[in-house]
Amino acid sequence: MATKIPVTVITGFLGSGKTSLIRHLLQNNQGRRIAVLVNEFGELGIDGDLLKSCQVCPEDGEGDSNIFELTNGCLCCTVQEEFYPMMQELIKRRDSIDCILIETSGLALPKPLIKAFRWQEIRNAATVDAVITVVDCAAVAAGTFASDPEAIAAQRQADDSLEHETPLQELFEDQLACADLVVLNKIDLVDAETKARVEELIKQELPRVVKIVESDCSQLDASILLGFQAAVEDNLDSRPSHHDTEEDHNHDEEITSTNLILDRTFDPEKLQQQLEKLAQQQEIYRIKGFVAVPNKSMRLVMQGVGTRFDKFYDRPWKPEESRQTRLVFLGRDLKSSEIESQLVAL
């Protein structure tokens, strides 16, 4: 029997740096033929487009791309409808693939996806090499995705009947509990004391000894991220989840995405200032997209986590391409009309 295709599942909360990690892997693949399956929470495939622009993948019309996008919901909820057919297609191409990377939605649980690798049709051809969980160090330090463990312990001791964990914190904990490696990312945004505090918090959430590696821009060597041979699908009992006793699970229905496509250019600084104001006015977890900039032949990538933004030019606009500004917003109970009206008014 041919060797199984190793699959690396890359998980982590919104804006932790998963796409940047995969982009760096593709650009420094050391000769590996890597296929990527991207699962986005929203209709606009920003992450998939960003990966295709890394200039490692064939452009449309120049051969089979190795980037595959699923935008019909989190993989943990659409395994049978979305993931299974795509894996079948990838398995057919196994002779031309050395490994597969799966970037889950920032709101996805990793465990339901990994269970799919127990299905006979997939099990015979592919195995989960490892689960990599990417953590935004600065966001956790700010208390965005994890509460103070000492405060939680004190509250529970006072009243065992209280449920103090939020759905987002449960998600954060489940992503850590399933990890074979934790990437503590964006450490350049915090001081040494804060970094040590976040690392200790992460260790408290890990059910077993798991290596934590540091990164400032998701730039890690492939030898660190690939080749674990963990066969994760055979070792799920050691990876506890808040949803282990549930037949099914539901996402927070108030967490939604909204897309904005505008046929116009923006001054990057003015746009960022307005986006920062929006992030303060509404509970926006993540903003990402492409911006058309006046008198610039390059496409600007703009990404935000809360009120923290970064931006860079990724590639020239194609001659046949509409120079649109396309943005995706993810958050709780978003007011789409207010977002659009404030940006249109710029």
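Guide: Start with one pair of residues. Ile5 has Ala126 in β5 as its bridge partner. The model is a predicted one.

Visitor: What makes β1 and β5 a pair?

Guide: Pairing takes at least two bridges between two strands. Strand β1 (residues 5–12) and strand β5 (residues 126–136) are joined by eight bridges. Therefore they count as paired. The two strands run parallel.

Visitor: What is the strand order of the open sheet?

Guide: The order is β3-β2-β4-β1-β5-β6-β7, seven strands with parallel pairing.

Visitor: Why are β3 and β7 said to stand at the edges?

Guide: β3 (67–70) and β7 (211–214) each have a single partner strand, so one side of each has no neighbour in the sheet. From one strand to the next, the twist averages 20°.

Visitor: Which strands does helix α8 lie across?

Guide: α8 (residues 167–177) lies across β1, β5 and β6. Its angle to β5 is about 135°.

Visitor: How do you know that the span of α9 is close to the expected one?

Guide: α9 has 14 residues. At 1.5 Å a residue, 20 Å is expected. From first C-alpha to last, α9 reaches 20 Å, close to that value.

Visitor: Which residues of α9 are buried?

Guide: They are Thr194, Val198, Glu199, Leu201 and Ile202. These residues cover an arc of only 160° around the axis, which puts them on the same side of α9. A general rule fits here. An α-helix has 3.6 residues a turn, so residues three or four places apart point the same way.

Visitor: What does the face of α9 turned away from the buried side carry?

Guide: That face carries the exposed residues Ala192 and Glu193.

Visitor: Why is Lys186 called buried?

Guide: Buried means under 20% relative accessible area. Lys186 has 13%, so Lys186 is buried. Lys186 lies in the loop between β6 (181–185) and α9 (192–205).

Visitor: Why is Asn295 called exposed?

Guide: Exposed means over 50%. Asn295 is at 83% relative accessibility, so Asn295 counts as exposed. Its place is the loop between β9 (283–291) and β10 (298–305).

Visitor: What makes the phi values of these two residues worth a look?

Guide: Most residues other than glycine have a negative phi. Phi of Lys186 is near 60°, a positive value in a residue other than glycine. Phi of Asn295 is near 65°, also positive in a residue other than glycine.

Methods. Residues numbered from 1 in each chain as written. Predicted model: local features only at pLDDT ≥ 70, side-chain atom pairs only at ≥ 80, totals over all residues. Heavy atoms only, no water. Helix = DSSP H or I, 4+ residues; strand = E, 2+ residues; numbered from the N terminus. Buried < 20%, exposed > 50% of the residue type's maximum accessible area, 1.4 Å probe, protein only. Expected span 1.5 Å × (residues − 1). Arc of directions from axis to C-beta. Axes fitted to C-alpha atoms, helices over the stretch in contact; angles between N-to-C directions. Contact = heavy atoms within 4.5 Å.
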